[in-house]
Structures are given as structure tokens and as C-alpha cells.
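Have the model open as you read.

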Amino acid sequence: MLAVNSAGQEISEIVGAAGYLRGKGAKKLLLMGASKGGTAVLTAAPAIRPQPDAVIALSAPTVYSAMNALDAVPKLTAPVLYMAAEYDESFGEDAKALNRAGTKASEHKLVYVKGAGEHGVALLNSVKNWATVRAFIEKYGS
């Protein structure tokens with residue numbers, strides 16, 4: 001496991017981290033990000049060769065600064081889990097749009113948490129949401 005704490009070059013840092021892990025012998029590569037980090041992993045994933053084994057995006061906006069996940073996800077073939085809360089500003093609608101755009105992904109799953117307003121990693125405070133993410137990680141990470 002490697003956490004990337006961005007210094008402002010999110011895409012190149014994620015691609016570089018993926019290369020580092022694979023260079024160290026990592027057999028599986030899963031990317032997970034929340035909010036801005038969700039947009040970053042979705043935007044970076046198609047640039048990684050081979051693509052990651054799976055991607056998880058929590059409350060990812062379609063666009064953040066120069067990162068455009070809505071343009072990137074149609075190129076993504078790896079399985080993707082999108083999760084966002086209904087009452088978290090526009091992030092729920094963004095998750096729906098990203099899921100619709102990511103049709104080449106071998107699996108694209110949307111978890112739209114009705115009646116909730118949690119954002120990003122706070123979504124994982126729910127036992128049910130955490131179990132969903134953990135199951136996705138186990139499915140593609142083992």
C-alpha cells in the first residue's frame with residue numbers, strides 16, 4: 001500500500017506511484033481516492049499501463065482544477081466503484097454522470113447513498129458503505 005499526498009501534480013504523482021509499486025513487484029494495483037483524490041485517480045488510471053486492477057472514487061467531482069475525470073473514464077477499462085451521497089451538493093449527480101460515461105470499464109458500479117450527506121472518506125463511517133468498498137477491494141485485489 002502507498003498513500004500519495006499530492007504536491008499539486010496529482011496525475012503524474014499517481015502514475016509515478018503506480019510505476020514505483022509495480023517496480024517493487026506489486027502483483028495488484030488498486031487506486032482509491034476521495035473528493036479531489038477521486039477525480040485524480042479516475043483521471044490518472046487510463047494513463048497507467050497496464051491499467052490498474054480496479055479504481056474506487058468516493059465523492060469525486062467530474063472536474064477539479066485541470067483534472068477532467070469525465071473525459072478520462074470513457075478510456076478506463078478497469079473495474080470502477082463510484083460512491084456518493086444524495087445530499088452532498090452536486091457530488092451524487094457527478095457520480096451518476098461518471099458511471100454513465102465509463103461504459104468500457106469491465107464493471108462500473110454506482111453506490112448512490114440515499115438520504116445521506118457524507119462526503120469523501122466520511123462515507124466509509126457507514127458499516128454498509130465500508131463493507132461495499134471492502135468487498136470491491138477483495139474482489140479485485142486478491
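**Where two helices meet**

1. Start with the contact between α1 and α2: on the α1 side you'll find Glu 10, Ile 11, Ile 14 and Val 15, and they touch Lys 36, Ala 40, Val 41, Thr 43 and Ala 44 of α2. Sorted by type, that makes six nonpolar residues, one polar and two charged. Keep in mind that this is a predicted model.

2. As for the geometry, α1 (residues 10-23) and α2 (residues 36-44) pack at about 65°, their axes 9 Å apart. The crossing is right-handed.

3. Next, have a look at Gln 51, in the loop between α2 and β2. Its relative accessible area is 15%, so it counts as buried, the limit being under 20%. What does its side chain reach? The backbone nitrogen of Thr 77, at 2.8 Å, while the backbone oxygen of Lys 75 lies 3.0 Å from a polar atom of the Gln 51 side chain. Beyond its neighbours within four places in sequence, Gln 51 also has contacts that include Arg 22, Pro 46 and Leu 76.

4. There are four salt bridges in the structure. One of them joins Lys 139 and Glu 107 at 3.0 Å, N to O. This pair links distant parts of the chain, with Lys 139 in helix α5 and Glu 107 in the loop between α4 and β6, 32 residues apart. Lys 139 is exposed, at 53%.

5. Another sits within α5: Arg 134 and Glu 138 meet at 3.9 Å, four residues and about one turn apart. Both are partly exposed, Arg 134 at 38% and Glu 138 at 47%.

Note on methods:
Residues are numbered from 1 along each chain as its sequence is written. This is a predicted model: local features need pLDDT of at least 70, side-chain atom pairs count only at pLDDT 80 or more; totals for chains, interfaces and linings use all residues. Side-chain values use heavy atoms; hydrogens and water are left out. Axes are lines fitted to C-alpha atoms, for helices over the stretch in contact, and angles run from 0 to 180 degrees between N-to-C directions. A crossing is left-handed if the near helix is turned anticlockwise from the far one by less than a right angle, and right-handed if clockwise. Contact means heavy atoms within 4.5 Å. Ala, Val, Leu, Ile, Met, Phe, Trp, Tyr, Cys and Pro count as nonpolar, Asp, Glu, Lys and Arg as charged, and the others, Gly among them, as polar. Buried means under 20% relative accessible area, exposed over 50%, partly exposed in between (1.4 Å probe, protein chains only). A polar contact is a pair of N or O atoms within 3.5 Å; within protein, one must be able to donate a hydrogen and the other to accept it, and residues adjacent in sequence count only if both atoms are side-chain atoms. A salt bridge is a side-chain nitrogen of Lys or Arg within 4 Å of a carboxyl oxygen of Asp or Glu.
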